[in-house]
Amino acid sequence: MIEFHYSPTPNGWKVGIMLEETGLAYETRLMSLAGGDQFRPEFLALSPNARMPAILDRDPPEGYGSEPVSVFESGAILLYLAEKTGRFAPPESDRRARKALMEWLFWQVGNQGPMGGQLSHFVNYAPDGQDYGRARYRGEYERTLAVLERRLEGREYILGDYSIADMIAFPWAFIAKPLGVSLERFANVAAWRGRIKERPAVRRAIDLFKDRQNRGSRNAGNTPLLYNQGADHLLGPRPGGTATD
Ligand SMILES: N[C@@H](CCC(=O)N[C@@H](CS)C(=O)NCC(=O)O)C(=O)O
């Protein structure tokens, strides 16, 4: 059984999609990010970056010993699950395809995810009047869509066949419209997004605790715990000073 530490956001969906696609047995531990569950010691033991998704696999694959295995960071989790099941990734013996898989996983977690996340911050949660931040991240997010657009030219999926590279990139393209970005200029991305969106496993993952999505009710003004974080959140108050010293 896999414990799935989750909140209904694009980063959470990535792992939900893989769990649903593989049919692995899992139990969702719904987290309240606005309530600070990510800073609880028991969660930090699984995910030291204080971010979900994270998993705890109580039935680890061969080579890991018998103790439960925790994994944090969506890319690492998807790779772990692909290795556990032998599905949705090119075989390790195909070194070139495996290299391409790594490139697109790292690309997503280092580029598309953070840029989409920052754009979402400025569109949905920041105080008004942050035009520079909004324009910068809109440009960066659109740039990542253009990267995908070019990659998908002549390919149905990022690596050719449907894989964890698609599962990790799809959620941030799925929410383009609520981020204020039209896919009109990105025809390959729009078609790829449509193909993935129709998969029953993907629909189930996106619907997981859908009613608990933050639909604009929380923002930087009313939820500083979530939107104005610093080192103090992990280390406690600075000795002899305040966070603003
Ligand atoms: N690079 C991480 C990003 C995870 C992430 O940013 N998760 C957000 C939700 S979408 C989170 O846990 N936020 C809690 C917080 O900001 O305190 C991954 O891909 O797993």
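**Figure 1. Buried residues of helix 6 in the predicted model.** The buried residues of helix 6 are Ile164, Ala165, Asp166, Met167, Ile168, Ala169, Phe170, Pro171, Trp172 and Ala173. Helix 6 spans residues 164-174 and is largely enclosed by the rest of the structure, because ten of its eleven residues are buried. The packing partners of these buried residues are helix 1, helix 3, helix 4, helix 5 (131-151) and helix 7.

**Figure 2. The shell around the ligand.** The ligand is surrounded by 14 residues, of which Thr9, Asn11, Arg51, Met52 and Ser74 are the closest. By class, the shell comprises six nonpolar, six polar and two charged residues. Domain 1 (2-89 + 205-226) and domain 2 (95-200) each supply at least three residues to this shell. Among the structural elements, helix 4 (residues 95-125) gives the most, with three residues.

**Figure 3. The cis peptide bond between Met52 and Pro53.** The peptide bond that leads from Met52 to Pro53 is cis, and its omega is near 10°. Most peptide bonds, by contrast, are trans. Pro53 lies in the loop between helix 2 (41-44) and strand 3.

**Figure 4. Strand 1 and its two pairing partners, strand 2 and strand 3.** Strand 1 (residues 2-6) is mostly covered, with four of its five residues buried. With strand 2 (residues 26-30), strand 1 pairs in the parallel sense over five bridges; Tyr26 of strand 2 is the bridge partner of Ile2. With strand 3 (residues 54-57), strand 1 runs antiparallel and is joined by four bridges; here the bridge partner of Phe4 is Ile55. In a regular strand, side chains alternate between the two faces of the sheet.

**Figure 5. The β-α-β unit formed by strand 1, helix 1 and strand 2.** Strand 1, helix 1 (residues 10-22) and strand 2 together make a β-α-β unit that is right-handed. The two strands of the unit are parallel to each other. Helix 1, the helical part of this unit, is also one of the elements against which the buried residues of helix 6 pack.

**Figure 6. The contact between domain 1 and domain 2.** The domain assignment of the protein chain gives domain 1 (2-89 + 205-226) and domain 2 (95-200). Their C-alpha centres lie 20 Å apart. Across the boundary, 18 residues of domain 1 are in contact with 17 residues of domain 2. On the side of domain 1 that touches domain 2, the elements giving two or more residues are helix 1 and helix 3 (74-85). Helix 1 gives the most to this side, with six residues. By class, this side of domain 1 has ten nonpolar, six polar and two charged residues.

**Figure 7. Glu73 and Phe88, two residues with positive phi.** Most residues other than glycine have a negative phi. Glu73 has a positive phi near 75° and is placed in the loop between strand 4 (69-72) and helix 3. Because 17 other C-beta atoms lie within 10 Å, Glu73 is partly exposed. Phe88 likewise has a positive phi, near 65°, and is placed in the loop between helix 3 and helix 4. Phe88 counts as buried because it has 21 C-beta neighbours inside 10 Å, the threshold for this class being 20 or more.

**Figure 8. Gly194 in helix 7.** Gly194 is found in helix 7, which spans residues 187-197. Since 10 other C-beta atoms lie within 10 Å, Gly194 is exposed; the limit for this class is 12 or fewer. Gly194 and Val71 are separated by 123 residues in sequence and by 30 Å in space, taken from C-alpha to C-alpha. Helix 7, which contains Gly194, is also one of the helices against which the buried residues of helix 6 pack.

How values were computed: Residues are numbered from 1 along each chain as its sequence is written. This is a predicted model: local features need pLDDT of at least 70, side-chain atom pairs count only at pLDDT 80 or more; totals for chains, interfaces and linings use all residues. A residue is near a molecule or strand if its C-beta atom, placed from the backbone, lies within 6 Å of it. Ala, Val, Leu, Ile, Met, Phe, Trp, Tyr, Cys and Pro count as nonpolar, Asp, Glu, Lys and Arg as charged, and the others, Gly among them, as polar. Domain bounds come from an automatic or database domain assignment. Two strands pair if DSSP finds at least two bridges between them. A crossover is right-handed if, with the strands pointing away from the viewer, the path from the first strand over the helix to the second runs clockwise. Two residues are in contact if their C-beta atoms, placed from the backbone, lie within 7 Å.
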